[in-house]
Amino acid sequence: MPRVSQDHLDARRRQILDGSRVCFARYGYEGATVRRLEEATGLSRGAIFHHFRDKESLFLALAEDDAIRMADVVAEQGLVQVMRDLLAGDGEHPADWLGTRLEVSRRLRTDPEFRARWAERSEQLTTATRLRLLRQREAGNLRDDVDVDVLTAFLELVLEGLVSHLAMGLPGAGLGPVLDLVEETVRRHRPGTG
């Protein structure tokens, strides 16, 4: 029996994650049946569950994958850029990412076992945001009268508020100036600049 290369396994895993992201975003966790996952990925249940133990493991891997992608954007451009990408529909999977994020929020509220499993994975975004803010403070770009942990919590709350806003079907158009204000709130104000 020929061996399957690691590149092939990685590509198959990516195919499953990408197809599942669309499925979970469209149908939610409960509605993402095995049959729908098969249709969305173009693979059999055997192929899907060869890579993931069960549906919850698949969903957690997907949510973790999205958190890593978001953390990468945060490290380079900040958490406000993640929010701008959501509003603009930019990025690799913005609408589907929103669906995944909403499902994570719902399950955190209603499923204690999921909450415990997710807690192990959820620090990535907070850590990336905090490190970015520390770098900005060292560069003299961040206000120094508020603790970095408070600014981190502030930005995360704004993100959650934006996600809730979009989840309710409220318009995102016109929120660019709001995000400008959020960004301005955490910046250091130099004398004569406002």
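Arg 14 counts as partly exposed, at 29% relative accessibility. On this scale, buried means under 20% relative accessible area, exposed means over 50%, and partly exposed is in between, using a 1.4 Å probe and protein chains only. This is a predicted model, where local features need pLDDT of at least 70 and side-chain atom pairs count only at pLDDT 80 or more, while totals for chains, interfaces and linings use all residues. Residues are numbered from 1 along each chain as its sequence is written, and side-chain values use heavy atoms, with hydrogens and water left out.

So what does Arg 14 pair with in a salt bridge? Its partner is Asp 65, with the closest N and O atoms 3.0 Å apart. Asp 65 sits in helix H4 (residues 55-77) and Arg 14 in helix H1 (residues 6-31), so the pair ties together parts that are 51 residues apart in sequence. Asp 65 counts as buried, at 11% relative accessibility. A salt bridge here is a side-chain nitrogen of Lys or Arg within 4 Å of a carboxyl oxygen of Asp or Glu. Helices are DSSP runs of H or I with at least four residues, strands are runs of E with at least two, and both are numbered from the N terminus.

The pair also belongs to a network of salt bridges that links Arg 14, Asp 18, Arg 21, Asp 65, Asp 66 and Arg 69. Across the whole structure, a search finds 19 salt bridges. Among them is Arg 45 with Glu 38, whose closest N and O atoms are 3.8 Å apart; Arg 45 is partly exposed at 47%. Another joins Arg 143 and Asp 145 at 2.8 Å, N to O. Arg 143 is partly exposed at 23%, whereas Asp 145 is exposed at 55%.

Back to H4. From Glu 76 to Lys 55 is 21 residues in sequence and 32 Å in space, C-alpha to C-alpha. Just after H4, Gly 78 takes a positive phi of about 100°.

Next, the nonpolar packing. A nonpolar core is a set of buried Ala, Val, Leu, Ile, Met, Phe, Trp, Tyr and Cys residues joined through side-chain atoms within 4.5 Å. The largest has 27 residues, and those with the most contacts inside it are Leu 79, Met 83, Leu 86, Trp 97, Leu 155 and Leu 159. H4, H5 (79-88), H6 (94-110), H8 (123-138), H9 (148-167) and H10 (176-186) each supply at least two of its residues. H9 gives the most, with eight residues. Leaving aside residues up to four places away in sequence, Met 83 touches Leu 155, Val 158, Leu 159, Leu 162 and Leu 179. A second, separate core of 21 residues includes Tyr 29, Leu 37, Val 104 and Phe 114.

Finally, the domains. The chain is divided into domain 1 (1-52) and domain 2 (55-186), with bounds that come from an automatic or database domain assignment. Their C-alpha centres lie 25 Å apart, and 18 residues of domain 1 are in contact with 18 residues of domain 2, contact meaning heavy atoms within 4.5 Å.
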